[in-house]
Amino acid sequence: MVDSTDMFGAPIADEPEDDGPSAAELEAAGQASMFGDPAPAAVASVVQEERAAPPVAAPMPAPPGQPYRVLARKYRPQTFGELIGQDAMVQTLGNAIRRGRLAHAFLMTGVRGVGKTSTARLIAKALNCIGPDGQGGPTIDPCGVCEPCVAIAEGRHIDVIEMDAASHTGVDDVREIIEAVRYAAVSARYKIYIIDEVHMLSRNAFNALLKTLEEPPAHVKFLFATTEVDKLPVTVLSRCQRFDLRRIQTPVLAAHFGKVCEAESVHAEDEALAMIAAAAEGSVRDGLSILDQAISHADMAGGGEVTAEQVREMLGLADKTMQRRLFSAVIGGKGDGVLQEVASQFALGIEPTAMMRAQLDLVHKVTVTQISGTADARSAEEREALEGWAKKLGAGALHRLWQLLLKGYEEVRGAPDPLVAAQMALLRVMHAADLPDPGGLIKQLEAFAANPPTMQSAPPADGAAPVAAMAPSPEAVAARASAQWAQLVEQVEQVSPLIGSAMRLSVRVISLTPGQLVYALAPGIPGDPTADMRRGLEGATGGSWRVERSADLASAMPSLEEARAAAAAREEAALREDPLVRAAFAAFPGAEMIDESTISATERKPWSKRA
């Protein structure tokens, strides 16, 4: 083989093939265009290190002269395998891609930071990936090295258009999409439109998009992301395949943050990561932002280690300890402790309404811990306290505490002096914490009425035998028997109104025990109702009764009707003795006292309207 020569015939030395600029060179050029030209030596060292160092999975620290990328951007998932907590969605997408059942529009919903936009980009990769050899098709595992995958990851692919609906809300913005979808993709398999915060589009913009969204060209896919899916028209929802991205569970988040710390060469305590995961409330982005702050806080502290104490201080969890101390003082009945804790929190700048809300939150957490058996706590100390209160306090006491604190919170919000109102409300809760439950109190009263305790007098000083147990008075026995008889008559009236009415009018009870009745008939009542009364009592109670008639009127109680009439007469007599009523009778001689309930509707009409 003859070496090639130049135009003068001299042989040309072999030169290494030029594979084009590396990723570091492209990045340096981009940074130079935006931030100015960095030091040439720094750029050269970066390029040299990239070509010499082997590829690694974890991102390397930013080279000198380049801006720092926050963890939430650096560890954005690049494959579906890195997308945590969304296994159901990944499985559905994988099956759809393998079977060729791809929808023309996808809608990703969920709270902030769970991966909606990242999922849309991953779907774009999966649909446009051509594989390392350039012969691949749509796959749930995009290679990440082909030109479409790299361009989509860097946000520069000409056929993957991202639009922020928050800043492009009008019909004109949607009209551009409608005009562009008619043209085929330039270099990719599908032309993909990713519209973030799609609920921000105006009503007219949604209406303009409907027809295109329902019947788009075969080469177009729409990917929507939103945090407020309820604001989307139903006509849009019905045209999309919807995926609800879930909140990430706290243990999954903590494990993910541990891997990030390992990749960043940062040591973090497990309890610190658990606190950060709990504070993230299911959002990966929020958790990574907090972790970024915690790492910086640890570096400033000088130790370089993310500890639980530092995270507790950074997140303000020290206030949680003060809240628990205040709650302990309230349920422990320590009034001076309550006032002292309220004063301490107020001195630190905590508003009285915030104190009441914190106590409400604690009661809720204790109640949930009591039911579920597991405490939702950010630290071991808080978990231990919640579990202890859950075992100590009953369900009724917790619900009563909630109602009292809720009422106190409303009072504090509208009080002219919120601090004084908070003190008084918490003291009221403290004194009411030891009160018996209303249901238990009613049961105690019922038991006391059914079985009154016997009272015994103290033994005499001279050693004589003690006096016998004090029996209930005859008036108390008569009142109890009258109440039992009235209840029994009401039961008979429900079964047989005629028999019950006769018992109410004419029967005077002499003795009433379970299954046995001795009575006397009121004077002037003919016949013998014994058989009818027995039949009525047995039908009402379902048991056998022995009913006897006696002529002993002296020991018989008045009938229910007689007792009602006597009570009404006593009430009328007492009313006539009232000074105002006596003055009215003196002013109007011959006036009569009439019960209003006995006046008919006709008599109630005004005198001028009567016929």
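Which residue in β4 is the bridge partner of Ile 194?

1. A word on the model. This is a predicted model, in which local features need pLDDT of at least 70 and side-chain atom pairs count only at pLDDT 80 or more, while totals for chains, interfaces and linings use all residues. Residues are numbered from 1 along each chain as its sequence is written, and side-chain values use heavy atoms, with hydrogens and water left out.

2. The chain overall. You will find 25 helices and ten strands here (DSSP runs numbered from the N terminus: H or I of at least four residues for helices, E of at least two for strands). Of the 611 residues, 35% are buried, meaning under 20% relative accessible area with a 1.4 Å probe, protein chains only. The chain exposes about 36,200 Å², with carbon and sulfur atoms supplying 56% of that area (Shrake-Rupley method, 1.4 Å probe). Among contacts with a separation of 6 or more, 68% join residues 24 or more positions apart; a contact means heavy atoms within 4.5 Å.

3. The sheet. Five strands form an open sheet in the order β2-β3-β4-β1-β5, with parallel pairing (two strands pair if DSSP finds at least two bridges between them). β2 (160-164) and β5 (241-244) are the edge strands, each with a single partner, so one side of each has no neighbour in the sheet. On average, neighbouring strands are turned by 15° against each other, direction ignored. Strands β3 (residues 191-196) and β4 (residues 220-226) pair in the parallel sense over six bridges, and Leu 223 is the bridge partner of Ile 194. Helix α7 (residues 171-180) lies across β2, β3 and β4 and runs at about 165° to β3.

4. A helix pair. Helices α16 (residues 352-372) and α19 (residues 418-432) pack at about 25°, their axes 8 Å apart; axes are lines fitted to C-alpha atoms, for helices over the stretch in contact, and angles run from 0 to 180 degrees between N-to-C directions. The two are therefore roughly parallel, the term for angles under 35 degrees. Pro 352, Met 356 and Gln 359 of α16 meet Pro 418, Leu 419, Ala 422, Ala 425 and Leu 426 of α19. These contact residues divide into seven nonpolar, one polar and no charged.

5. One residue to look up. Ser 118 sits in helix α5 (residues 116-128) and is buried, at 7% relative accessible area. Leaving aside neighbours within four places in sequence, Ser 118 is in contact with Arg 76 and Pro 77.

Notes:
Angles under 35 degrees count as roughly parallel, over 145 as roughly antiparallel, 65 to 115 as roughly perpendicular and the rest as oblique. Ala, Val, Leu, Ile, Met, Phe, Trp, Tyr, Cys and Pro count as nonpolar, Asp, Glu, Lys and Arg as charged, and the others, Gly among them, as polar. Buried means under 20% relative accessible area, exposed over 50%, partly exposed in between (1.4 Å probe, protein chains only).
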